[in-house]
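Please look over the sequence and the view below before reading on.

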Amino acid sequence: MLNVLLKGQTAYSSPEAWFYDFFIAKGVVDLMDHVTLPIFTSLSKENRLLDVGCGGGHILVSLAKRGFSSLSGIDLCFDQVKRAKKRLQSIQPHAEMIQGSALYLPFPSNIVDTVISVGSIKHWPNAKQGVDECIRVLKPGGYIIILEIDRGCRLDDAMSFVDRCGFPKFVKPIFLAIFRTWVAGHAFDLDDARQFFIDPLLEDKTIERLDKTPAIVMSGKKIKEIH
Ligand SMILES: C[S@@+](CC[C@H](N)C(=O)[O-])C[C@H]1O[C@@H](n2cnc3c(N)ncnc32)[C@H](O)[C@@H]1O
């Protein structure tokens, strides 16, 4: 069944997953420290949070450390789900880690308080279908928060991001070039995000650059139940 659902979607290969996890994830997790949206900073610790495209679980671990007690994560890549499970085991053993697709979330509708997705949406073959799924599983009044790299990011913001990743000094200029062309080059810019993030089931939408980072954040609150 999973194979049918994943048709046309490409998970990170094992070496890609390792490379991302070892070098880049640290820089991405640090981006979360810049999210000062009131909806994020005032989330109740009892909220059920779902991280879509959770990778190796770094963000879930940082949320667990902030006291969030009901965490789920889903990722297409088996290796990353395994890493996420292992990372969360000691800090939150009941956290639920699932291998699966953002485009077919294996959850009932209207049950999650907050959906977070960081750096994953650019990989989804149908970003709208993925966002529709995230909204479907949200409770009315729940928030979706999507972070993605900004194709129009400033050079110094890209440099500071690369600095925060775990690369040896001599590799940083090479990764900076790769980051700007291959990573940011495939992501959204602010105009794309404004045209894309228009779902009528959301209110209080924000679409903004994350200050001093090469990232954009899109967020919104679900208005009503979906059946
Ligand atoms: C750049 S990584 C971000 C990982 C994690 N959010 C973090 O911040 O460390 C992107 C992740 O999205 C996952 N991904 C890509 N396409 C996906 C899809 N259709 N459904 C679920 N996850 C997907 C990849 O396997 C990868 O782990």
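Ala, Val, Leu, Ile, Met, Phe, Trp, Tyr, Cys and Pro count here as nonpolar, Asp, Glu, Lys and Arg as charged, and the others, Gly among them, as polar. The structure is a predicted model.

## The shell around the ligand

By these classes, the shell around the ligand is made up of 13 nonpolar, nine polar and one charged residues. The ligand is surrounded by 23 residues, and the closest of them are Gly53, Gly55, Ala102, Ser120 and His123.

Helix H2 (14-32) and helix H4 (58-65) each contribute at least two residues to the shell around the ligand. Helix H2 provides the largest share, which amounts to three residues.

## Strand S5 and its partners

Strand S5 covers residues 138-149, and because nine of its 12 residues are buried, the strand is largely enclosed by the rest of the structure. Strand S4 (residues 112-118) pairs with S5 in the parallel sense over six bridges, and in this pairing Ser117 stands opposite Ile146 of S5. Between these two strands the chain passes through helix H6 (residues 127-137), and the β-α-β crossover from S4 to S5 is right-handed.

S5 is also joined to strand S7 (residues 215-222), in this case by seven bridges and with the strands running antiparallel.

## The largest nonpolar core

The largest nonpolar core holds 62 residues, of which Leu60, Val115, Cys134, Ile144 and Ile216 touch the most other members. S5 gives the most to this core, with seven residues.

When neighbours within four places in sequence are left aside, Ile144 is in contact with Val115, Cys134, Ile135, Leu138, Ser219 and Gly220. Leu138 is found in strand S5, and it counts as buried because 27 C-beta neighbours lie inside 10 Å. Not counting residues up to four places away in sequence, Leu138 touches Val112, Val115, Ile144 and Lys222. Leu138 and Thr114 are 24 residues apart along the chain, and their C-alpha atoms are separated by 6.6 Å.

## Helix H6

Helix H6 is mostly covered, with eight of its 11 residues buried. The buried residues are Ala127, Gly130, Val131, Glu133, Cys134, Ile135, Arg136 and Val137, and the buried residues of H6 pack against strand S1 (48-52), S4, S5, helix H9 (190-196), strand S6 (202-209) and S7.

Arg136, which lies in helix H6, is buried because 20 other C-beta atoms are within 10 Å, and the cut-off for a buried residue is 20 or more. Its contacts, not counting residues up to four places away in sequence, are with Ser109 and Ile226. Arg136 and Asp157 are 21 residues apart in sequence, and the distance between them in space is 34 Å, C-alpha to C-alpha.

Lys86 and Cys54 are 32 residues apart along the chain, with a separation of 13 Å between their C-alpha atoms.

How values were computed. Residues numbered from 1 in each chain as written. Predicted model: local features only at pLDDT ≥ 70, side-chain atom pairs only at ≥ 80, totals over all residues. Helix = DSSP H or I, 4+ residues; strand = E, 2+ residues; numbered from the N terminus. Pairing = 2+ DSSP bridges. Right-handed = clockwise from strand over helix to strand, strands pointing away. Core = buried A, V, L, I, M, F, W, Y, C linked by C-beta atoms within 7 Å. Contact = placed C-beta atoms within 7 Å. Near = placed C-beta within 6 Å.
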